[in-house]
There are 2 protein chains.
Amino acid sequence: MPYGYNNKILRVNLSTREVAVEEPGEAFFRTYFGGWGLIAYYLLKELEPGVDPLGADNLLIFASGVVTGAPVGGSGRHAVGAKSPLTGGFGEADVGGFWGTELKRAGWDAIVVCGRAQEPVYLWIKDGQVEIRAAAHLWGKQTADVEAMLREELGDERVRVAQCGPAGEKLVRFASVMHDVNRAAGRTGLGAVMGSKNLKAVAVRGSGRLEMADRETVRELARWLQGEGMKGWLPNLRENGTDGGLVHLSARGGLPTRNFQQGSFEGAEKITGETMTQTILVGRDNCFACPVFCKRRVQTAGRYEVHPVYGGPEYETAAALGSCCGIDDLEAIAYGNQLCNAYGLDTISTGVVIAWAMECFERGLLTKEDTGGLELRFGDAKAMVGLVEQIARRQDHVPPALGRGFGDLLAEGCLRAAQTIGRGTERYAMQVKGQEIPMHEPRIKFGLDLGYATSPTGADHVHNIHDTSYAKEGEAIRNMRGLGVLHPVPIEDLGPEKVRLVKYHIDWQVFQNCVALCIFMPYSREQIRDLVRGVTGWNSTLFELMKAGERAMAMARAFNYRQGLSARDDVPPWRFSTPFESGPAEGVKVPEEDIQRALALYYGMNGWDEETGAPTAGKLHELGLSWVADLVYGA
Amino acid sequence: MPYGYNNKILRVNLSTREVAVEEPGEAFFRTYFGGWGLIAYYLLKELEPGVDPLGADNLLIFASGVVTGAPVGGSGRHAVGAKSPLTGGFGEADVGGFWGTELKRAGWDAIVVCGRAQEPVYLWIKDGQVEIRAAAHLWGKQTADVEAMLREELGDERVRVAQCGPAGEKLVRFASVMHDVNRAAGRTGLGAVMGSKNLKAVAVRGSGRLEMADRETVRELARWLQGEGMKGWLPNLRENGTDGGLVHLSARGGLPTRNFQQGSFEGAEKITGETMTQTILVGRDNCFACPVFCKRRVQTAGRYEVHPVYGGPEYETAAALGSCCGIDDLEAIAYGNQLCNAYGLDTISTGVVIAWAMECFERGLLTKEDTGGLELRFGDAKAMVGLVEQIARRQDHVPPALGRGFGDLLAEGCLRAAQTIGRGTERYAMQVKGQEIPMHEPRIKFGLDLGYATSPTGADHVHNIHDTSYAKEGEAIRNMRGLGVLHPVPIEDLGPEKVRLVKYHIDWQVFQNCVALCIFMPYSREQIRDLVRGVTGWNSTLFELMKAGERAMAMARAFNYRQGLSARDDVPPWRFSTPFESGPAEGVKVPEEDIQRALALYYGMNGWDEETGAPTAGKLHELGLSWVADLVYGA
C-alpha cells in the first residue's frame, strides 16, 4: 500500500472515449513527486515537437502532488498543465481549494486527457468509476451556474468541479481552469486547452481516506502551524488576504502601476486588502486543511453587483485590474474579478493586457477606431470592466478597424495583439515568452527579473524569488545558510552569489510545485522535508528534494527546447532596466549589463546550453534524466 | 566563541623563520570545512602555475577538519597536503591517530608551511607558543627514534609528532608524512615535500578543550556507535583489522595479485587478517576517541625482527607488499611495513613499484644488470624487503647499468622509473597520474575504475567508491535513496545511473575528507550531518554538505588544471579492461567502451570541460567559487 499517492493515473482519450489506468510505481512518484514534475514527464514523453496547443494532440493534465490532501495547512493544492497556447512552451499552473484533495480521495493521483470530444462533454469521477458525459447543456454557462447544475444533476452537494468557463470555450489564450468556482489555475492559458478539447468540466467525488506513513509527524506540523507558525505574518494574511499590504508595497515603490510605468500608486489605499476588509468583505475562505483562511468573500450591490460565490480579489487581481490599470475603484476591481472567475480568465494576464491597451491608447498608438469607440485611459474602471467582458467573449461587434474585434484581439494576449497591430505597440507589451508579467516589480527585488526572463512558463511569480528578506539577517537567510549560501545578499545585487541564491530558491519553489504545497506557508525547508517523509515514508533528504526541483525545472526547459523555444526567448523585460521617473524608488533600475551577466551566470550554474537554453546532456544525466538526454540529444 | 574550529591558522615561513596567525572566520570554515577543502583553498590561492613541488615555493599544509577531535569514533583524523611531487597536481592524504586532535587542542586548525629551512628544523607547538628549532640531531633518524628523542628533549611523553622520515629527507616521491610513528599520511609524496623543506618534524602538545555547540548530540552519536553501530562489521574490523577478510576478497577474485595480473592469490590465507590475529598480533590500537581499535600491533623475532611500536600491516599494506608482489610471508610483510613506517614510505606505492619491477623482470624487460644482481621474481619476500630499504635510502651502490642506482630509480615511482628505462616497461606501471594504484580491483566493482581515472590526486581509494553493496538491497542503497538514487545498480554497470551514484558517493567521500571523518565508520549521512551540526552549531543540511564535497573536488580539479594537468591525464588503467585469465572472476573485464562512455558522463555530470578537465565557470560559480572561476578563466 503506497503512502502519499495512489499509484493510479487516469488516462482519458476524448477522441475515442477510451479510459485507461496507469500504475507507474513508487520510483515514478519519488522521482517526479507529482504536480509540475508529473506534468513535465507526460508532456516530454508524449508530445511531438510542434504540436498545436489547441489541437487534439495536446495533453491536458490535472496532477496532485505527494502532499496533496495531507491534513496540514498548504496541502490543498494541485497543478494543471499542457503545452501552453499562450507561450507555445511548458504550460503549468498551480491552484488551491478542495478539488485536488477530492481527486486523490477518489483514488487518483492525476488525470491525463488527450484527444478532443466531438461534442461538449464533462468527466464524472466517483471513486473508481469514470464516465464521459454530454455537456451540451453546460456549454456557454458561467462557472457558478455550471457547478450548481452539476451538483444538482449528480445529486451530491459535495462534488468538486474543475471547469474551463466560457473564456476557455472561446479559446482565449489566457483562459484559466477554474476550481470550486473561485480558485484559478490561472496562468499559461490552460482553460483554452480544456475548451479546445470540448471538455467543459471535471466533476470529482471521492470517499477514500489518504493513508500516511507517519501520521504523527504530519499532525505535529499541523499543530506547529496553528501555534508557532501562526505567529508570523499569517495573522495578517488571514485578516486582510493576499491583498493586505498592497499599500505598503506602493509606499516602497514596488506596486506595478499603469503598466509598470510607475511603482507606486496614489490610489493604493483604496484598493489595499485592509480597505477590502473594512468595506466589501463578507467572509473568509480556506483551502483544504488550512487554518489561514486567506481567501476573500466579498459582496457589493450598487454600481456593480458582486456575489460572494466568486470569492474576492487576490493581491494579483487587485493590482492587475487596479493599480496596473491606474484604477482605484475596489468595487469595480471586485466586479472584474467576478467576471474573470465566472468566465474563466486569468486575472493577471487580463489586467496586463488591458493596461497595455491603455498605455498604447494614451501614447496614440491605438485609437477609438481600433477600440470600437472606447476611450482607453488609465484609471477608467468602466472601460476595464467592459474590456474584461469583451475579452472573455472574444467580442467582435465593434467596427473592425483592425480587421477583427478588439476583444477578440486582446484575447490573444498582449504580445500577439501587439504583433497584429504593429505601430510599435509591442514595446509596451509587458510579457515574457508571450505571458503577461505578474504583479511583482523587479526594481525592488532584482533577482525577480532573472526569474521572469528564464521561467519556462513565461513571466511567473509562483516559481520565482520574491522574498526580499535575503537582504538582511532573518529566518530566510538562516534557511539559505542551510543550503550553503552564507551571507545576506542585497536586493539590488545580481552578482554570482545572488544568482546562486536565486537558483537554489527557484529550484526549491519548483519542488514545492511538484509536491503541490502552498508557497505562503511559513514552513522551513526541513519541515517540508519532514512532511514529505511523514506522508510517504521515504527517507528523503534535502539534497534529494532540491535535486527534484532542479530536475523538474530541467524537464520544463527541455520541453521548451523540443517545442522550438531557445535562449533567445529568455528576455528580461526592457522596462525594468529603465529608471522609475518618480516615486519612492525614483531612479532605480535593473542595470542592463547586470541582468545580462546574471543571465549568463544562471545558465552556467544550471548547466543550460547558451544557445538552445536546454540543459546539457551531462546535467540531464546527473538529474537521473537520461531518457530526456536521449530525447533531446539522441541516444 | 567558535565551535568545531579555533579560527586560527598558523603560517610558518621556514625561509624567513617568520610565524604568523590567520583568522579567516566562520564563513571560511563553513565553506571549506577543513581538511581537503582547506588545503585546496591555500594551494589554489597561493601557488603559481608550474611551481616546483620540491622547491621552497610549494606549501605544506596540515589541516584538521571541523569534526577533528570531537569525542566520537572516527573523528581522530586530519589531512596533509601540498602540490604533489608524485603527480604534479593536487596532493592530499588523510591520516588518523592523535596528532590532529592535539593540534586542535593546542588552539590551531591548520598549519601552512612555506619556504625552506637552511638547516634541518622541527616545529614545536605548545598551545599558542610556536618555535622553529634545530633538528640536525634528528636528521637521518628513523621515526620511532625521532619520536622518542623529541619526547625526551621536550620533557613530555604526550607530545605528538608528525615527521617525514629518512625517505622524505631523500625526496622519495612517494614518501609519507608519519604521525605517531605508525599512522601514515601516505599518499601523493607529501613526506618528500616535508623533506625538501628541511622540516624534519612537527611536535605538538595542546591543553585546550574543544568546545561544541551541542555536546549531547555528539555524545548520543558516540553512544550509538558503541551500541547499535558496533553490531555490523565493526567487530570484525576490531578483531582482525582492515586486513580481515583479505582471504574472502581473494575468493571473490578481487585481490590485486602479481601487479594486478590476477585477482586471487593462492597464498591469501597466509596473509589475511585472521591469520595475523592468530599469529603475530600482540595488541590493538585506536585513533582518538574510537572504540573500534582496528589498528594492529605485531611482533616477530626470527627471520625478521618486528617491533610493535611500528604497528602492523593494514589491508593495503598486506596486499601491496603481499599478494601484489606474489608474497605469502606475513612476517616479511610485517617487516616491510615496519621499514615503510620507520623510513616514511607509502606502503601502497612501495608495493606497487616493487610489483612493477617484478613483472618487468619476469617479462625480461629488466635484468640482473639493471637490478644490481637481484633476481626479481614474484613471491620473493627477501627481494621485496631488500627493495624497500633500497628505495627508502635511494640506494645507489648497485652497478649503474641504468645510469643510476636501482633503488634510487624506484624511488621516483613506477611511472618515472619506467619512462627512464623505456623498453616498454611503462605498460606495466600500474598508476594514474603517476600515483600507484591501491589495493582495490575495479574488475569486481566497475565504478572504482572511474574513480581511479578521475581522482585529482591520482589513483586513490580514500575518495572513491568501494562499497559493492550498491548491487543489492541494504543500508547502502537505502542511504543512496536519500540522495535520489532509487535503485540498486549492479557492480558491472557503468551506465548513467551508476555514474550518478559514483559522483554522489565520491563527492560525499571528499566531504568526509574535508571534515576529517574516518570512512570506516558506519554512520549514515544524516548522522554525519547531525555530528557536524552538533559540533559547529550550524544548521547545515545534506544539500549544503554534498555541495561542500562537490566544491572541494572542483577546487582540486581547478588546481590541477592550473598546474598543467588536463583531461588527457584522466586515463583508466588499460589492465582493468583486459579479462582475468583465471580465477573466480575469470573472463571479467571493464569494457573499454563502457569506461570511456562513463568518463564522458562523469565529466558532464560534474560540469568539467572535456578538454581541460577543469570545472566550467558556471559550475564554479554555482559552488560559490567565483574567485576560482576568476583564477581559471580571468575576471
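1. A salt bridge here is a side-chain nitrogen of Lys or Arg within 4 Å of a carboxyl oxygen of Asp or Glu. By that rule B:R394 pairs with B:D408, with the closest N and O atoms 2.9 Å apart. B:R394 sits in the loop between α16 (381-392) and α17 (406-410) of chain B, and B:D408 in helix α17, so the pair ties together parts 14 residues apart in sequence. B:R394 is buried, at a relative accessible area of 13%; B:D408 is buried too, at 14%. Buried means under 20% relative accessible area, exposed over 50%, partly exposed in between (1.4 Å probe, protein chains only).

2. This is a predicted model: local features need pLDDT of at least 70, side-chain atom pairs count only at pLDDT 80 or more, and totals for chains, interfaces and linings use all residues. Residues are numbered from 1 along each chain as its sequence is written, chains are lettered from A and ligands numbered from 1 in the order written, and side-chain values use heavy atoms, leaving out hydrogens and water.

3. On confidence: chain A averages a pLDDT of 96, and 98% of its residues score at least 70. pLDDT is the predictor's confidence in each residue, from 0 to 100. The complex has an ipTM of 0.96 and a pTM of 0.97.

4. Over all chains there are 92 salt bridges. B:D570 forms one with B:K433, the closest N and O atoms being 2.6 Å apart. This pair ties together parts 137 residues apart in sequence. Both B:D570 and B:K433 are buried.

5. Helix α21 (residues 496-515) of chain B has 20 residues and reaches 29 Å from first C-alpha to last, close to the 28 Å expected at 1.5 Å a residue. The expected span is 1.5 Å times one less than the number of residues. Helices are DSSP runs (H or I, at least four residues), numbered from the N terminus. Of the 20 residues in α21(B), 18 are buried. B:K503 in this helix bridges to B:E550 in α23 of chain B, 47 residues apart; their closest N and O atoms are 3.0 Å apart. B:K503 has a relative accessible area of 1%, and B:E550 one of 7%.

6. Now the interface. In contact (heavy atoms within 4.5 Å) are 38 residues of chain A and 38 of chain B. Two salt bridges cross between the chains. B:R533 forms a salt bridge with A:E526, with the closest N and O atoms 2.6 Å apart. The largest share of chain A's side, six residues, comes from α23(A).

Note on methods. Helix = DSSP H or I, 4+ residues; strand = E, 2+ residues; numbered from the N terminus.
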